[in-house]
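Please open the model in your viewer and keep the sequence panel beside it.

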Amino acid sequence: MRILSYYVDGRRFEWVITIAMLWLAVALFIDPEILRSSAFQWITLVMTPWFVGACLFLMGWARLIGLVLNGHEIRGRRIGPLIRAVTAAACAVIWVQFDLALIQLSFQQGFMSPGVPFWSMFVLGELDVAYRAVAGNGRAV
Amino acid sequence: MEELFKALNPWPQAQGIVIGLAIAGVAFWAVRRGLQDGRKRDAAVVPVQPVKLEHTDEEKRLHWIAHEQLENIEKNSFKMVDLLKTIAEAVNRFNDTRWNKRQ
């Protein structure tokens, strides 16, 4: 439990999102139709499911490395927080695409999709992580 | 905002690219600001200065006595625990007697 707290403490949101990203990436590689046939079908107008899967996998993997590094110094620099901040910024861009897909769907169906508030807050949450990860030098501010 | 989305509705690709770039800009600003604030915070931390303490003979003697007392406590810690157990048993016995008398 102690080692779990060491890696997870203060970064629970990032761990949860990272696992979800890798999970969705693997699912997209297995069956790309899950994006085309879901509420996020509008994303496929801008990006192919393979591209979305590859982006999620690469960013999720990079984020996992940043989280596992957890403040370790490489050549006198803490590289973990920087990786976490950059991946959080990239994730904000991807999540806003998911959010826009749901907004498009909302206009099409005439009422708001229940996912819109969640994905909008995910975008804000990622922007917050992008700031806090580097502002506190890896520590929670 | 709604008018903006309605205006962009026929061009979902443009909407995705434009808003994606806007969020990327905000995220870039957040990372940059975070790095600046982190540097400011690091600069504000006063580095620890090593200080060598000079003790007088009297202070050294008191330290020696304190260490002797600690050694004494360490040697007798098991005895102290046994004594505490004896006291706890006596208190329990007293309590049982008191409770029995009330029956």
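How many residues does helix 7 of chain A have, and how far does this helix reach from its first C-alpha to its last? Select helix 7 of chain A, in what is a predicted model, and you will have 21 residues that reach 30 Å between the first and last C-alpha, close to the 30 Å expected at 1.5 Å a residue.

Within that selection, highlight the buried residues of helix 7 of chain A, which include A:F122, A:V123, A:E126, A:L127, A:A130 and A:V134. The list also holds A:R132 and A:Y131.

Next, select helix 6 of chain A, whose 31 residues reach 45 Å from the first C-alpha to the last, close to the 45 Å expected at 1.5 Å a residue. This helix is mostly covered, with 23 of its 31 residues buried. Just after helix 6 of chain A, stop at A:G110, where phi is positive at about 90°.

Leaving aside residues up to four places away in sequence, A:A85 touches A:A130, A:A133 and A:V134 in chain A, and B:V31 and B:G34 in chain B. As a general point, nonpolar side chains in soluble globular proteins tend to be buried together.

For the contact between the chains, select the 24 residues of chain A and the 21 residues of chain B that take part. On the side of chain A that touches chain B, helix 4 (43–46), helix 6 (79–109) and helix 7 (115–135) of chain A are the elements that give two or more residues. Helix 6 of chain A again gives the largest share, here eleven residues. Colouring this side of chain A by class gives 19 nonpolar, four polar and one charged residues.

Then step back to view each chain as a whole. Chain A has seven helices and two strands, in the order α-α-α-α-α-β-β-α-α from the N terminus, and 38% of its 141 residues are buried. Among the contacts in chain A with a separation of 6 or more, 65% join residues 24 or more positions apart. Chain B has three helices and zero strands, and 9% of its 103 residues count as buried.

Finally, colour by confidence. Chain B averages a pLDDT of 86, with 89% of the residues scoring at least 70. Which parts of chain B have the lowest and the highest confidence? Helix 1 (residues 2–8) of chain B is lowest, at a mean of 61, and helix 3 (residues 57–101) of chain B is highest, at 93. Where pLDDT is low, the predicted coordinates should not be read in detail. For the model, the scores are ipTM 0.76 and pTM 0.67.

Technical notes. Residues are numbered from 1 along each chain as its sequence is written. Chains are lettered from A and ligands numbered from 1 in the order in which they are written. This is a predicted model: local features need pLDDT of at least 70, side-chain atom pairs count only at pLDDT 80 or more; totals for chains, interfaces and linings use all residues. Two residues are in contact if their C-beta atoms, placed from the backbone, lie within 7 Å. Helices (H or I, at least four residues) and strands (E, at least two) are DSSP runs, numbered from the N terminus. Ala, Val, Leu, Ile, Met, Phe, Trp, Tyr, Cys and Pro count as nonpolar, Asp, Glu, Lys and Arg as charged, and the others, Gly among them, as polar. pLDDT is the predictor's confidence in each residue, from 0 to 100. A residue is buried if 20 or more other C-beta atoms lie within 10 Å of its own, exposed if 12 or fewer, and partly exposed in between; C-beta atoms are placed from the backbone. The expected span of a helix is 1.5 Å times one less than its number of residues.
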